Amino acid sequence: SEELDYASDVAFWTNFILSVFFWFIIFIFKKEIALLVGNPRLGSAMAIAALSLPITSFSSIQASRLRRKLDFKALFYTRLIALFVPVFVTIPFAFILKSYWALVVGNLMINVITSVFLIIISKWKPRVRYNFKILKSMISFCGWALCEQILGWANINIGIFIVGAFISEYDL
C-alpha cells in the first residue's frame with residue numbers, strides 16, 4: 001500500500017541518517033574506543049568495521065518488510081548467501097593478509113552482499129521523500145529498527161573488540 005511505502009521511506013531515511021551519524025561518532029572517537037577495549041591499535045579497524053552501520057541501513061527496511069510479510073524463504077536465502085562469504089572472502093583474505101583485517105573485510109562483505117541481495121529481491125525501493133508527521137506516528141518502530149541495526153552491528157563486530165583486547169594483532 002502507498003501508506004506502508006511512505007512509512008518505509010521515512011524509516012529508511014531515518015535509519016540511514018542515524019547510522020551515518022553513529023558511524024561518524026565512532027570514526028571521530030576511534031582512538032578513545034580502541035583504548036577503551038584495550039588495544040589502541042584497533043582504532044582504524046573499528047572505524048572501518050563500523051561502516052557496517054550505513055551499509056546495513058540499505059537492507060534493514062527491506063528485511064523488516066519481508067518479516068512483516070512472513071516471507072521467511074527470502075530471508076533464509078539472504079542468510080544462506082551470507083554464510084558463504086567467509087568461505088570465499090574471509091578465509092582467503094586471512095591466508096593472504098595474515099591479520100585481523102580479514103575479519104573486518106569479511107564482515108563488510110557480508111553486509112554488502114546481504115544489502116545488495118535484499119535490494120534486488122525487494123519489490124519496495126526507497127524514494128527520496130520524508131514526512132515528520134509520519135515519523136512521529138511511527139517513532140516506536142524507528143526506535144526498534146535503530147536498536148536492531150545497532151545490535152546487528154554489535155553482534156557481528158563485538159568479537160573483534162573482545163578478542164582484540166586480549167590477544168595481539170598477530171595472534172588475532
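This is a predicted model: local features need pLDDT of at least 70, side-chain atom pairs count only at pLDDT 80 or more; totals for chains, interfaces and linings use all residues.

Colleague: How many salt bridges does the structure hold?

Modeller: There are 4 salt bridges. Side chains of opposite charge can pair when their charged atoms come close.

Colleague: Why is the contact between Glu2 and Arg127 called a salt bridge?

Modeller: The N to O distance between their side chains is 3.2 Å. Glu2 sits in helix H1, and Arg127 in the loop between H6 and helix H7. The two are 125 residues apart in the chain.

Colleague: What makes Glu2 partly exposed?

Modeller: Its relative accessible area is 48%. Buried needs under 20% and exposed needs over 50%, so Glu2 falls in between. Arg127, at 41%, is partly exposed by the same test.

Colleague: How do you know that Arg65 and Asp5 form a salt bridge?

Modeller: Their closest N and O atoms are 3.0 Å apart. That is within 4 Å, so the pair counts. Arg65 belongs to helix H4 and Asp5 to helix H1, so the bridge ties together parts 60 residues apart in sequence.

Colleague: Is Arg65 buried or exposed?

Modeller: Buried. Arg65 has 17% relative accessibility, and the limit is under 20%.

Colleague: What makes Asp9 and Arg129 a salt bridge?

Modeller: The closest N and O atoms of Asp9 and Arg129 are 2.4 Å apart. The value is within 4 Å, so it passes. Asp9 is in helix H1 and Arg129 in the loop between H6 and H7, so this pair ties together parts 120 residues apart in sequence.

Colleague: Why is Asp9 called buried?

Modeller: Asp9 has 0% relative accessibility, which is under 20%, so it is buried. Arg129 has 18%, so it counts as buried too. Shared partners join Glu2, Asp9, Arg127 and Arg129 into one network of salt bridges.

Colleague: Now the largest pocket. Which residues lie nearest its centre?

Modeller: Arg79, Asn111, Thr114, Gly152 and Ile156 do, out of 23 lining residues. Helices H4, H5, H6 and H8 each give two or more residues to that lining. The volume of the largest pocket is about 630 Å³.

Colleague: How does its lining split by class?

Modeller: The lining has 9 nonpolar, 11 polar and 3 charged residues. Arg counts as charged, so Arg79 falls in the charged class.

Terms used: Residues are numbered from 1 along each chain as its sequence is written. Side-chain values use heavy atoms; hydrogens and water are left out. On a 1 Å grid over the protein atoms alone, a cavity is a set of points where a 1.4 Å probe fits but cannot get out, and a pocket is an open set with protein on both sides within 12 Å along at least five of seven lines; lining residues have an atom within 4 Å of a point. Grid points are joined across faces, edges and corners, and a volume is the space filled by probe spheres set on the points. Helices (H or I, at least four residues) and strands (E, at least two) are DSSP runs, numbered from the N terminus. Buried means under 20% relative accessible area, exposed over 50%, partly exposed in between (1.4 Å probe, protein chains only).
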